[in-house]
Amino acid sequence: MTIRLKLTLWYSAVVSLTLIAFSFILYTFLSYSMVQEIDRELTGRAVGVARSIKVVGANWFRQQQIVLPDVDVFGYPNTYLQVVDPYGRLVAKSSNLSHQSLPLSEDTLKRGATGQSFYEWLQVGDQKIRTYNYPLVAEHRVVGLLQVGQPFSGIQAALNRLKWLLWLLSGLMILVAATIGWWLARAALRPVEEITKTAALIRQDLNLHQRIPHRGPNDELGRLSGTLNGMLDSLETAYRELEESHAAQRRFVADVSHELKTPLTTIRGNIDLIRKMGDEHPAIRQEALADIASEAQRMSRLVSDMLVLARADAGLTLILQPLPVAQIIEQVGRQAKILAGDVHFIMNIDECCDRAFIMADPDYVKQLVLILLDNAFKFTPPAGTVELAVTCSMDGVQVLVKDTGMGIEGSESAKIFERFYRSDKSRPVGGTGLGLSIAKWIAQQHGASITVESELQKGSVFKVTFSAVSEKHGQENERACSTI
Ligand code: ADP
């Protein structure tokens with residue numbers, strides 16, 4: 001059963017019940033009021049007649065002891081009056097009864113003898129008559145019974161007509177309500193149909209760009225469309241990221257095989273050379289062995305870099321803890337000194353960093369700074385300068401690696417953070433092209449940003465800004481840096 005049909009049925013059922021209840025209450029109230037009205041009228045008549053009756057003498061064996069008024073004086077065209085003695089014998093009646101009389105049962109006589117007045121329904125032929133039985137009392141004894149009656153059939157017929165009218169109107173209104181309900185349900189559910197259609201289309205074509213159209217107000221269905229569109233946004237993003245990650249994975253595998261092929265070819269060539277000429281030419285053997293050693297070293301660096309990136313791709317998350325910045329950078333600086341060679345290396349750590357902390361993984365932060373320093377030393381000619389500087393302010397902690405080396409072309413600034421990217425000029429210097437990708441990943445893991453500013457032949461500045469300063473130490477940083 002469709003929701004539309006269910007809604008229509010429910011709606012019709014509620015309308016039907018309401019109408020039936022309304023009709024029933026109206027009919028019952030009206031018929032009750034009619035009977036009440038007649039009863040009031042009958043009582044009035046009976047009291048009027050009873051007041052005019054005079055009883056003569058203390059005993060009442062014969063009716064001559066009761067002086068009756070002319071009941072016709074109280075008669076109305078549709079009101080019957082009748083007086084009977086305690087034995088049920090007719091004493092007087094209104095002329096509109098002509099040769100007929102109001103039926104009198106044993107039961108009515110008995111109840112009348114108790115002195116209590118009461119109402120009764122009588123059936124005379126096809127006529128229904130409402131009667132009021134009023135005992136006539138003299139000297140504390142019931143001396144007769146006055147019956148006042150009024151035909152009810154006319155009212156009954158009108159009530160019957162009303163009943164049929166109510167049935168007919170109710171039926172008609174239920175029909176109208178069902179039609180309106182069917183139409184309303186269709187209008188209300190139309191957006192749901194649109195959502196279903198669009199969802200089916202998306203599933204069929206796998207077209208995640210498509211969105212559910214909704215032009216109506218921001219009601220339940222508007223919110224449903226919004227939520228589904230939001231879900232499609234997330235799905236599209238996730239799908240795109242998945243595709244990008246697949247593409248990156250394929251690129252990575254292709255690059256890795258290419259990068260490994262070069263050193264392997266060199267190693268194999270050198271081994272062949274040693275086999276052929278090594279024994280006779282020890283100098284050539286030494287040279288070939290040196291080449292093999294250097295290529296093997298490059299391969300091992302490549303493999304360890306790839307391992308770090310593979311772990312990063314597998315979703316490795318670093319465990320960060322509050323670390324004193326100055327201390328950790330000093331350690332890296334000390335380790336880096338041996339890589340400097342002929343390059344002049346200086347370290348500059350702001351005083352206000354003495355009490356500054358960052359949320360970091362110590363090993364990875366060291367690796368990040370070492371990658372930047374290693375590059376700076378590599379790409380700076382002898383007698384050039386490399387500076388490792390740290391500044392601390394309320395905005396965060398900045399680690400700067402400045403060099404006076406060959407610099408990077410503007411168009412390459414963004415590319416150098418891609419895997420395996422190496423500028424043509426830097427190729428002779430050597431490297432894997434993975435260092436800065438690792439540095440970028442480490443920075444991201446620390447909630448830090450990494451940027452580069454460079455000028456060809458003048459030098460480069462790599463800047464890492466740590467924004468994640470733990471709350472506990474934030475205030476200390478503030479105090480320390482306010483002295484700048
Ligand atoms: P690698 O240094 O192993 O080649 P990186 O990913 O660390 O790989 O660097 C990528 C490229 O960025 C380098 O090949 C080089 O072209 C450029 N580069 C990085 N640091 C510097 C620098 N300090 N000066 C000039 N060029 C740089």
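Guide: This is a predicted model, in which local features need pLDDT of at least 70, side-chain atom pairs count only at pLDDT 80 or more, and totals for chains, interfaces and linings use all residues. Residues are numbered from 1 along each chain as its sequence is written, and side-chain values use heavy atoms, with hydrogens and water left out.

Visitor: Which residue forms a disulfide with Cys-353?

Guide: A disulfide here is a pair of cysteine sulfur atoms within 2.5 Å. The sulfur atom of Cys-353 lies 1.9 Å from that of its partner, Cys-392.

Visitor: Why is the disulfide of Cys-353 and Cys-392 called right-handed?

Guide: The handedness follows from the torsion about the S-S bond. The disulfide of Cys-353 and Cys-392 is right-handed because that torsion is about 115°.

Visitor: Is Cys-353 buried or exposed?

Guide: Buried means under 20% relative accessible area, exposed over 50%, and partly exposed in between (1.4 Å probe, protein chains only). Cys-353 has a relative accessible area of 0%, so Cys-353 is buried.

Visitor: Where in H4 does the kink lie?

Guide: The bend at a residue is the angle between axes fitted to the seven residues ending there and the seven starting there. In H4 the kink is about 40°, shortly before the proline Pro-191, at Leu-189.

Note on methods: Helix = DSSP H or I, 4+ residues; strand = E, 2+ residues; numbered from the N terminus.
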